[in-house]
Amino acid sequence: MKEEKKYELRLYMILLSQEVEPFDISKMVSLEPDRTAEKGLPVREGATPHTQPQHNLWQLHSKTDPVNSRIEDQFQGLKDAIGDSYGKISALPPDIKCICKCVVYSNKPLPDLSFSPEQLAFIANMNATLEIAVYNFSDEE
């Protein structure tokens with residue numbers, strides 16, 4: 001029996017830079033991203049100018065299934081994705097901004113979004129900020 005989808009909880013690591021291009025970020029951290037975007041280029045063909053990124057973007061996703069997942073599982077999935085590159089990410093120059101973004105897609109009630117001291121230390125040691133976003137989704141898929 002398939003578990004009912006109550007919410008999706010996703011965790012990403014995002015690296016942003018005005019100057020350093022995604023390809024160069026990949027070389028610096030020795031990882032392949034799940035998504036990139038280059039500053040000023042359309043995200044997709046025919047995109048309007050306001051959807052063109054203002055920064056170069058490099059994004060790595062947690063490897064944990066987001067459906068009904070727990071924050072602990074998402075963090076472990078992101079740690080697994082980062083692997084041995086953790087030190088390289090921690091040593092990135094200050095002009096590359098690091099963000100850990102937690103995104104929840106849910107109708108109420110929301111899942112637990114408490115972060116352990118270890119999880120916060122993991123983020124802080126990468127010189128990253130934590131962003132949390134919550135979006136409603138409809139069952140019309």
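This is a predicted model: local features need pLDDT of at least 70, side-chain atom pairs count only at pLDDT 80 or more; totals for chains, interfaces and linings use all residues.
View 1. Residues are numbered from 1 along each chain as its sequence is written, and side-chain values use heavy atoms, with hydrogens and water left out. Helices (H or I, at least four residues) and strands (E, at least two) are DSSP runs, numbered from the N terminus. Glutamine 59 has a relative accessible area of 7%, so it is buried. Buried means under 20% relative accessible area, exposed over 50%, and partly exposed in between, with a 1.4 Å probe and protein chains only. The side chain of glutamine 59 also makes a polar contact of 3.4 Å with the side chain of histidine 61. A polar contact is a pair of N or O atoms within 3.5 Å; within protein, one must be able to donate a hydrogen and the other to accept it, and residues adjacent in sequence count only if both atoms are side-chain atoms.

**View 2. Strand β1 and its two antiparallel partners.** β1 is mostly covered, with ten of its eleven residues buried. Strands pair if DSSP finds at least two bridges between them. β1 and β4 run antiparallel and are joined by eleven bridges. Here leucine 15 stands opposite cysteine 98 in β4. β3 is also antiparallel to β1, and six bridges join the two. On this side, look for leucine 16, opposite leucine 57 in β3.

**View 3. Helix α1 and its buried face.** Which residues of α1 (22–29) are buried? They are Pro22, Ile25, Ser26 and Val29. Seen down the helix axis, these residues fall within an arc of 105°, so they line one face of α1. The arc is that of the directions from the helix axis to the C-beta atoms. An α-helix has 3.6 residues a turn, so residues three or four places apart point the same way. Phe23 and Lys27 are exposed, on the face turned away from the buried side of α1. The cover over the buried residues of α1 includes β1 (7–17), β2 (35–37), β3 (56–61), α3 and β4. Serine 30 follows α1 and has a positive phi, near 55°.

**View 4. Helix α4 and what it packs against.** Gln119, Phe122 and Ile123 are buried in this helix, which spans residues 117–125. Down the axis of α4, its buried residues fall within an arc of 95°, so they line one face. They pack against α2 (71–82), α3 (86–90), β4 (96–106) and β5 (128–135). Turned away from that buried side are the exposed residues Pro117 and Glu118. Just after α4 comes asparagine 127, with a positive phi of about 60°.

**View 5. Aromatic pairs.** How many aromatic pairs does the structure hold? There are four. Rings of Phe, Tyr and Trp (its six-membered ring) pair if their centres lie within 6.5 Å; planes under 30 degrees apart count as stacked, over 60 as edge-to-face and the rest as tilted. Phenylalanine 75 and phenylalanine 115 pair edge-to-face, 6.1 Å centre to centre with 80° between the planes. Phenylalanine 75 lies in α2 and phenylalanine 115 in the loop between β4 and α4, so this pair ties together parts 40 residues apart in sequence. Both of these phenylalanines are buried. Tyrosine 105 and tyrosine 135 have ring centres 5.6 Å apart and planes at 25°, so they are stacked. Tyrosine 105 is in β4 and tyrosine 135 in β5, so this pair joins parts 30 residues apart in sequence. Tyrosine 105 is partly exposed at 27% relative accessibility; tyrosine 135 is partly exposed at 41%. Ring pairs also link Phe75, Tyr86, Phe115 and Phe122 into a cluster.

**View 6. Cysteines without disulfides.** A disulfide is a covalent bond between the sulfur atoms of two cysteines. Here the test is a pair of cysteine sulfur atoms within 2.5 Å. A search of the whole structure finds zero disulfides. Cysteine 100 is in none; the nearest cysteine sulfur, that of cysteine 98, is 5.5 Å away. Why is cysteine 102 too far for a bond? Its sulfur is 9.8 Å from the closest cysteine sulfur, in cysteine 100. Cysteine 100 is buried, at 0% relative accessible area. Cysteine 102 also counts as buried, at 0%.

Note on methods. Contact means heavy atoms within 4.5 Å.
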